[in-house]
Amino acid sequence: DDAKVTLNNVKIVGNVADGDDGGGIAMYDGATLVMNGGGFLDNKNDTYDKGRGAAIYIYDSTATFNKVLFSNNQFTYKSGHGAAISCWLDSVVEVNDCKFINNGNWDEDTGAKGSVSVIHMSGKVYIKNSVFEGNGSPEQNQYWDSTTRVLDVGSSDLTMDNCTFTKNHANGYVIENDSSYEDFVVRNSTFTNNDCGVFKGDTGEFINCTFDQNGGEYTFGGGEYFRVAFTLRDCNLGNSTFENVKNYVIVDTDAENGAASI
């Protein structure tokens with residue numbers, strides 16, 4: 001409780017949480033972590049039920065990651081929440097200039113079960129200048145035989161700027177947001193060549209983003225969560241498709257570099 005830790009160029013490699021949270025690090029009750037450089041590599045969560053965090057678990061704590069690599073962190077007993085980052089309650093997480101590569105994958109040969117999510121969010125999350133590539137599972141997760149996603153926003157504020165999502169494998173969407181009561185803004189980001197759709201959720205806004213050549217039945221889903229319209233402002237939509245187009249407001253404000261298209 002209330003620990004304050006700074007890690008500079010530290011690599012956390014090949015650790016296992018067996019019946020617990022956080023294969024590499026677990027934080028609780030007011031702890032603070034600042035991590036500069038280094039990374040979480042090849043860590044596992046081998047928990048039978050409700051595993052949280054193959055790399056790091058954050059509960060009611062604050063964490064800042066600067067130029068950190070999250071690579072090949074997996075669940076190996078059962079699907080879990082947050083193969084890279086799992087944050088809960090009133091946590092505050094900042095992610096700057098980080099890379100998320102091949103986390104939460106399903107692989108029968110290695111025993112990896114895939115993840116419910118690569119980042120699970122509850123609290124306030126800020127992601128900037130970061131890359132997400134090759135993450136997620138094409139298999140349904142084992143909790144409710146339902147979809148997997150890269151970012152599970154949940155009851156969290158999310159602000160994201162200048163991020164790239166490509167070649168991710170979730171069988172649901174890159175981002176799912178099941179709350180209309182929190183702030184959700186994504187700016188200046190690119191979503192291309194993912195095997196899944198890009199977004200399903202409630203209120204929020206994408207600003208000056210690019211979407212193209214993504215998979216899934218729809219690029220933008222809708223239905224069970226929608227309460228009010230979602231806005232796509234000054235975005236290039238490429239070959240995007242919509243499940244319920246009436247739930248979206250598409251705006252071109254003629255801003256510099258703004259080129260809304262369908």
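The model is predicted: local features need pLDDT of at least 70, side-chain atom pairs count only at pLDDT 80 or more, and totals for chains, interfaces and linings use all residues. Residues are numbered from 1 along each chain as its sequence is written, and side-chain values use heavy atoms, with hydrogens and water left out.

Start with the rings. Rings of Phe, Tyr and Trp (its six-membered ring) pair if their centres lie within 6.5 Å; planes under 30 degrees apart count as stacked, over 60 as edge-to-face and the rest as tilted. The count comes to 25 aromatic pairs. Phenylalanine 40 and phenylalanine 65 have ring centres 6.4 Å apart and planes at 70 degrees, so they are edge-to-face. Phenylalanine 65 also pairs edge-to-face with phenylalanine 70, at 5.5 Å and 75 degrees. Phenylalanine 65 and phenylalanine 70 are both buried (buried means under 20% relative accessible area, exposed over 50%, partly exposed in between; 1.4 Å probe, protein chains only).

Now the charges. A salt bridge puts a side-chain nitrogen of Lys or Arg within 4 Å of a carboxyl oxygen of Asp or Glu. There are four salt bridges. Aspartate 157 meets lysine 124, with the closest N and O atoms 2.8 Å apart. Aspartate 157 counts as buried because its relative accessibility is 14%. Lysine 124, at 37%, is partly exposed.

Arg149, Asp152 and Glu176 form a network of salt bridges. Arginine 149 lies 2.9 Å from aspartate 152, N to O. For glutamate 176 and arginine 149, the closest N and O atoms are 3.5 Å apart. Glutamate 176 is buried at 5% relative accessibility, and arginine 149 at 11%.
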